[in-house]
Amino acid sequence: MKRIPKDVVATFSIVAFDPATGELGIAVQSKFLGVGAVVPWAKAGVGAVATQSYANTSYGPRGLEWMAKGKSAQEALELLVADDSERDLRQVGIVDAKGRAATFTGKKCYPWAGGITGPNYAAQGNILAGEETVLAMGRAFEQTKGPLAERLLKALQAGQAAGGDRRGQQSAALLVVKEGGGYGGYNDRYIDLRVDDHPRPIEELIRLYQLRQLYFEKPRPEKVAAIEGTVKEEVAAHLVRLGYLSKERSADLEALHEALTVYIHTENFEERQVEKGKIDLDVLQYMKQQPSPKEVG
């Protein structure tokens, strides 16, 4: 078998659009260090691009520029590869903000290499165990309900379960954009998570996504509870255990509120802070699982 150079971004990825929310995103896994710094590109209201296999990283910004000017995903793809003398080494997947998808695999990509398109997505990969990897990704994306990020992660899991990159695993990334979706609403980077080097990067990426949801999503109304009865006892006990409240003052509601506020700000749960006298039960659950300073020491 022909030796595979180390600079090949041997990868499987999926680019997708959610017509219900307007979100665009990419999920990718590779036997390559820091794949998230190379493959995924996206802009809210425009499109998403995954560039891989001897990746021409100019495909990302240039593809987005073409789509911003009104070109479809397929038209943008054709323009990108037309003036690339090394197009036969490239692989790229594109989706635009209307859900039109396109994928391209050069003739010299290492096998198995190829891609598919479906409603609002394109899935592609190279140096794979086989075609089933991209087929499984497409099925998982189409059959999974819920937020775009979770559908993308399910697709990655399915691709790996079907064989994935035949060289193994190393890094993974998830990028989702939407208008005003970034921190503080100042940009479109709604979710931007990367696992640069890990023996099980997809599992680690899912763990980071779950943490991201905990830190940055707003509390669900059904998860907000009054700090009274058993809830009050648990909150006080864990604030004492974690060193935010003295045992002597644990029955004092004002002291408990002050301690809880300090805890929330220390742990970066500002997005989860609710009105005085209440708590997000997801925060309480996190407190229960958190080791005390003594346990850490």
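**View 1. A cluster of aromatic rings in the predicted model.** Ring pairs tie Tyr183, Tyr215, Phe216, Tyr244, Tyr263, Phe269 and Tyr286 together into one cluster. We're looking at a predicted model here. The count of aromatic pairs comes to eight. One of them joins Tyr215 and Phe216, with ring centres 6.3 Å apart and planes at 50 degrees, so this pair is tilted. Phe216 is partly exposed, at 39% relative accessible area.

**View 2. Tyr263 and Phe269, a tilted pair.** These two rings sit 6.5 Å apart, centre to centre, with 40 degrees between their planes. Tyr263 is buried, with a relative accessible area of 0%. Phe269 is buried too, and its value is likewise 0%.

View 3. An unreviewed UniProt entry puts "domain: Putative peptidoglycan binding" at residues 215-287.

**View 4. The cavity.** Searching the whole structure turns up one cavity of 30 Å³ or more. The largest cavity holds about 100 Å³ of space. Its lining takes in 15 residues, and Leu260, Ile264, Gln273, Val274 and Lys278 lie nearest the centre. Sorted by class, the lining has six nonpolar, four polar and five charged residues.

**View 5. Charges over rings.** Lys69 has its charged end over the ring of Trp66, 5.4 Å from the ring centre. Over the face of Phe141 you'll find Arg151, at 3.9 Å from the centre of that ring.

Methods: Residues are numbered from 1 along each chain as its sequence is written. This is a predicted model: local features need pLDDT of at least 70, side-chain atom pairs count only at pLDDT 80 or more; totals for chains, interfaces and linings use all residues. Side-chain values use heavy atoms; hydrogens and water are left out. On a 1 Å grid over the protein atoms alone, a cavity is a set of points where a 1.4 Å probe fits but cannot get out, and a pocket is an open set with protein on both sides within 12 Å along at least five of seven lines; lining residues have an atom within 4 Å of a point. Grid points are joined across faces, edges and corners, and a volume is the space filled by probe spheres set on the points. Ala, Val, Leu, Ile, Met, Phe, Trp, Tyr, Cys and Pro count as nonpolar, Asp, Glu, Lys and Arg as charged, and the others, Gly among them, as polar. UniProt positions are given in the numbering used here, feature names are shortened, and annotations may be inferred rather than shown by experiment. Rings of Phe, Tyr and Trp (its six-membered ring) pair if their centres lie within 6.5 Å; planes under 30 degrees apart count as stacked, over 60 as edge-to-face and the rest as tilted. Buried means under 20% relative accessible area, exposed over 50%, partly exposed in between (1.4 Å probe, protein chains only). A charge sits over a ring if NZ of Lys or CZ of Arg is within 6 Å of the ring centre and within 35 degrees of the ring normal.
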